[in-house]
Amino acid sequence: MVVLRNGASHRTPRTSPKPQISAPVDRVLAGDCVEQLAKLPESSVDLVFADPPYNLQLQNELKRPDDSKVDAVDDEWDQFASFAAYDEFTRAWLSACRRAMKPDATIWVIGSYHNIFRVGTILQDLGFWILNDVVWRKTNPMPNFRGRRFTNAHETLIWAARDRSSRYTFNYESLKAGNDDLQMRSDWTIPLCTGEERLKDGNGRKLHPTQKPESLVARAILAASRPGDLVLDPFFGTGTTGAAAKRLGRHYLGIERDKTYASRAQERIDAIEPLPSPSIAPFITAREAPRVAFNSLIERGLMKAGTRLTDAKGRVKAIVRADGSIVLKNGKDESVGSIHRIGALAQGLEACNGWTYWHFEDGGSRKPIDALRAVVRAEMAQV
């Protein structure tokens with residue numbers, strides 16, 4: 001398997017066994033998910049977020065200690081005759097998703113202890129490559145009213161690549177930067193969907209029993225996709241995936257067989273304004289950033305030939321030449337070379353990052369020449 005710490009570069013060409021045909025985007029398709037998935041072009045989807053039926057296997061009404069009924073999931077769409085029937089259903093929709101996914105696409109599937117282990121086995125049987133299991137720890141879980149088990153305070157998300165060899169997207173650096181420069185862990189503490197975010201029916205009751213918080217889905221999308229990617233949700237429900245995708249500058253495609261859910265989901269998404277482009281622009285690591293040659297600073301007039309460069313403390317001095325090399329004087333001897341080679345020579349090292357070692361004077365203070373490289377990169381980005 002190709003291991004990419006930062007995920008595939010946004011400039012890395014993604015290969016496909018056949019020419020790609022675009023899938024419909026920013027739409028809610030009505031109907032059975034397997035049938036609708038079969039109509040999508042092969043290798044057309046960048047990311048899948050799936051919140052399938054959990055097969056909760058509820059046998060009787062669930063009541064609180066005061067004998068009031070708990071509004072549990074007892075809908076027809078969550079009922080299956082047997083584990084075998086549920087497995088057949090799971091295998092069918094996962095196979096259909098895999099066909100629609102690009103070779104480097106990934107999938108998120110969320111579930112509880114009722115179904116997630118069966119889903120994980122089938123994922124592996126179909127050739128998916130599991131990358132992580134993520135624990136969603138709920139800050140406000142529903143109590144265990146019968147008092148016969150632990151309170152079920154978490155659900156599990158499985159994140160898997162389409163194939164073992166997939167060059168999948170993982171925005172490692174941006175997640176780390178938003179997590180106080182600590183690696184993002186596989187346990188996420190996020191509250192249930194409540195308040196204004198929860199969609200209600202005409203009687204003020206929750207429209208869908210298992211609506212997920214947008215913050216949970218958004219984190220999955222931010223982790224495994226880039227702006228402009230197509231995010232597919234085969235169990236669209238109230239449109240949380242579509243709402244998060246649109247807000248984050250991604251395209252969405254939802255499949256939902258319940259017309260009421262589909263209609264309300266579309267209304268919800270239509271009311272969302274995407275975030276400004278600068279706030280969702282891809283996080284570019286130093287490795288991914290476009291190359292800038294030192295002589296381009298001279299060509300753009302950001303630095304002049306004859307400028308004196310120093311180390312951070314001003315002890316080592318070199319002069320910029322018109323051709324983009326620099327010269328270091330040591331008594332009567334002169335050494336000429338690149339900012340990296342001369343920086344290494346000045347320190348007696350094998351290698352040196354000249355962009356951060358060499359500084360220039362600006363308004364009475366020393367600044368690394370990397371600050372000028374950032375100016376050039378910004379101009380390149382605008383172009």
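Predicted model: local features only at pLDDT ≥ 70, side-chain atom pairs only at ≥ 80, totals over all residues.
In helix H2, the residues Phe-83, Tyr-86, Asp-87, Thr-90, Arg-91 and Leu-94 meet Arg-118, Val-119, Ile-122 and Leu-123 of H3, where contact means heavy atoms within 4.5 Å. These contact residues of H2 with H3 divide into six nonpolar, one polar and three charged; Ala, Val, Leu, Ile, Met, Phe, Trp, Tyr, Cys and Pro count as nonpolar, Asp, Glu, Lys and Arg as charged, and the others, Gly among them, as polar.

Residues are numbered from 1 along each chain as its sequence is written, and side-chain values use heavy atoms, with hydrogens and water left out.

Helices (H or I, at least four residues) and strands (E, at least two) are DSSP runs, numbered from the N terminus.

Turning to the sheet, it is open, has eight strands in the order E1-E8-E7-E2-E3-E5-E4-E6, and shows mixed pairing, where two strands pair if DSSP finds at least two bridges between them. Strand E1 (27-30) and strand E6 (187-189) stand at the edges with a single partner strand each, so one side of each is left without a neighbour in the sheet. E1 and strand E8 (residues 251-256) run parallel and are joined by four bridges, and Ala-30 stands opposite Glu-256 in E8.

Lastly, Thr-310 lies in strand E9 (residues 308-310) and is buried, with a relative accessible area of 7%; buried means under 20%, exposed over 50% and partly exposed in between, using a 1.4 Å probe and protein chains only.
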